[in-house]
Amino acid sequence: MSDVRVRGAAARIRVVRPGELDAGEIERWRELRALSGAPANPFMEPEFSLAVGRVRPGARVAVIGGGRGGPVGFFPYERGPLGQGRAIGFGVSDSQGPVLSPEHTLTAGELLSACSLSSWEFDNLEAGGGLFVPDAAEAFDSPVIDIGQGYEAYEAVLRAGSPKFFRTTTAKERRLARQAGEVRFVFDERDPAALRTLMAWKSAQYRRTGRRDRFAKEWISTLVQQLAADRPDSAPGCSGVLSVLYVADRPVAAHFGLRSRTVLSCWFPAYDTGFAKYSPGLILHLRMAEAAAGAGIGLLDLGRGAAEYKDALKTGELRVYEGASVRRGPRAALYRLSREPSRRAHSFVRNRPKLAGYAQRALSQVGRLRDR
């Protein structure tokens, strides 16, 4: 345990495993998120940290303060060798950062010191995570779909802003029905076989595009399966939603994401490449937006990353940050030597569209060779 100053009073910081949080602390976490005014992104809710804690032995939560009013903050993270830290669920978490009351006066260095961390790395830091924003190396826009006024209002935005895209996508859905069979959509599919199908499609997509197969990592695969089993009534801040587009009772596109009461974070979309000419993934996203609006969800977060379909579907963006907060000392130099060169190389390529195109084609070629 460590002591730091919060409004002139000593505040104890207690570091625990996520599963060691008590019911009162979990409720206080939810209260602080609601008070923040930020979108209720499920990755920032306590249920996500609890789920990661079940599959990642290095997962920790710093509980800041306590006393009569309860904790004034929570900081979920994972601790690696030599005290190097990362955002909890790093590599798959699409929104990251501490959950803090406006009453706190912590600095990033004080919090890292209390957690015995030499550094803390993030790649999707929430814009409201002001404690670490000054340490960001880059900022990105994460596209979102606003369905707070209902699906009809969103459809009107699409018709006005992307009329060709909307007409083409809906025409493909009608052609799919005529040529392949009845089109059916399930917003919250509970069949485990459908989830296995999606994961197989996604793994094949990773290989095809020369990227690392996330589902080859056991902890990610297990995490997704556990979250898929959660229900909104037992995990209101973060539960899995598997949406599937069927044609003649055959799945042709699917998406697994996380939802809170008001936000659906899009996570793992994929489709059967045999139906690619019908753009089943786009059809799925439109159906998903309609069903989510009907379920009381007001925002779909498509996640950071450039993609044509995101540009066509989005109504706005949220800002997220990538970088690391590093404490002074010899371990800071070790971190910079190990991480900054690759970060700068990725940034250099990403910010040059022509070069990024070459890199993507090279990755795809690697993927084709790998599958031979």
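The expected span of a helix is taken as 1.5 Å times one less than its number of residues. Helices (H or I, at least four residues) and strands (E, at least two) are DSSP runs, numbered from the N terminus. The structure is a predicted model, in which local features need pLDDT of at least 70 and side-chain atom pairs count only at pLDDT 80 or more, while totals for chains, interfaces and linings use all residues. Residues are numbered from 1 along each chain as its sequence is written, and side-chain values use heavy atoms, with hydrogens and water left out.

The protein comprises eleven helices and 14 strands. Of its 372 residues, 50% are buried, where buried denotes a relative accessible area under 20%, exposed over 50%, and partly exposed in between (1.4 Å probe, protein chains only). Contacts (heavy atoms within 4.5 Å) were also examined by separation along the sequence. Among those between residues at least 6 apart in sequence, 73% join residues at least 24 apart.

Helix H1 consists of 14 residues and spans 20 Å from its first C-alpha to its last, close to the 20 Å expected at 1.5 Å a residue. Its buried residues are Glu25, Ile26, Arg28, Trp29, Leu32 and Arg33. These residues lie on the same side of H1 because they cover an arc of only 160° around the axis, the arc being that of the directions from the helix axis to the C-beta atoms. Ala23, Ala34 and Leu35 are exposed on the face of H1 turned away from its buried side.

Two packed helices are described by the angle between their axes and the distance between the axes. Axes are lines fitted to C-alpha atoms, for helices over the stretch in contact, and angles run from 0 to 180 degrees between N-to-C directions. Angles under 35 degrees count as roughly parallel, over 145 as roughly antiparallel, 65 to 115 as roughly perpendicular and the rest as oblique. H1 (residues 23-36) packs with helix H2 (residues 46-55) at an angle of about 130°, the axes being 9 Å apart. H1 is therefore oblique to H2. H1 contributes Ile26, Trp29 and Arg30 to the contact, and H2 contributes Pro46, Glu47, Ser49 and Leu50. By class, the residues of this contact of H1 with H2 are four nonpolar, one polar and two charged. In this classification Ala, Val, Leu, Ile, Met, Phe, Trp, Tyr, Cys and Pro count as nonpolar, Asp, Glu, Lys and Arg as charged, and the others, Gly among them, as polar.

The contact is formed by Phe165, Phe166, Thr169, Lys172, Glu173 and Leu176 of H5 together with Leu282, Ile283, Leu286 and Arg287 of H8. Six nonpolar, one polar and three charged residues make up the contact of H5 with H8.

Helix H8 (residues 280-294) has 15 residues and reaches 21 Å from its first C-alpha to its last, close to the 21 Å expected at 1.5 Å a residue. Its buried residues include Leu282, Ile283 and Leu286, which also take part in the contact with H5. Serine 279 is situated in the loop between strand E12 (263-271) and H8. Its phi is near 50°, a positive value in a residue other than glycine, and serine 279 is buried, with a relative accessible area of 16%. H8 is followed by glycine 296, with a positive phi near 90°.

Positive phi also occurs at leucine 82, where the value is near 60° in a residue other than glycine. Leucine 82 belongs to the loop between strand E4 (73-79) and strand E5 (84-87) and is partly exposed, with a relative accessible area of 47%.

Two further loop residues are buried. Cysteine 238, in the loop between helix H7 (218-229) and strand E10 (239-247), has a relative accessible area of 0%. With residues up to four places away in sequence not counted, cysteine 238 touches Pro42, Glu47, Phe48, Leu227, Asp230, Leu258 and Arg259. Its C-alpha atom is separated by 8.1 Å from that of leucine 227, eleven residues apart along the chain. Phenylalanine 215 lies in the loop between helix H6 (192-208) and H7 and is buried, with a relative accessible area of 11%. Not counting residues up to four places away in sequence, phenylalanine 215 touches Met199, Lys202, Ser203, Tyr206, Ile220, Ser221, Val224 and Phe268. Phenylalanine 215 and methionine 199 are 16 residues apart in sequence, with a C-alpha to C-alpha separation of 7.1 Å.
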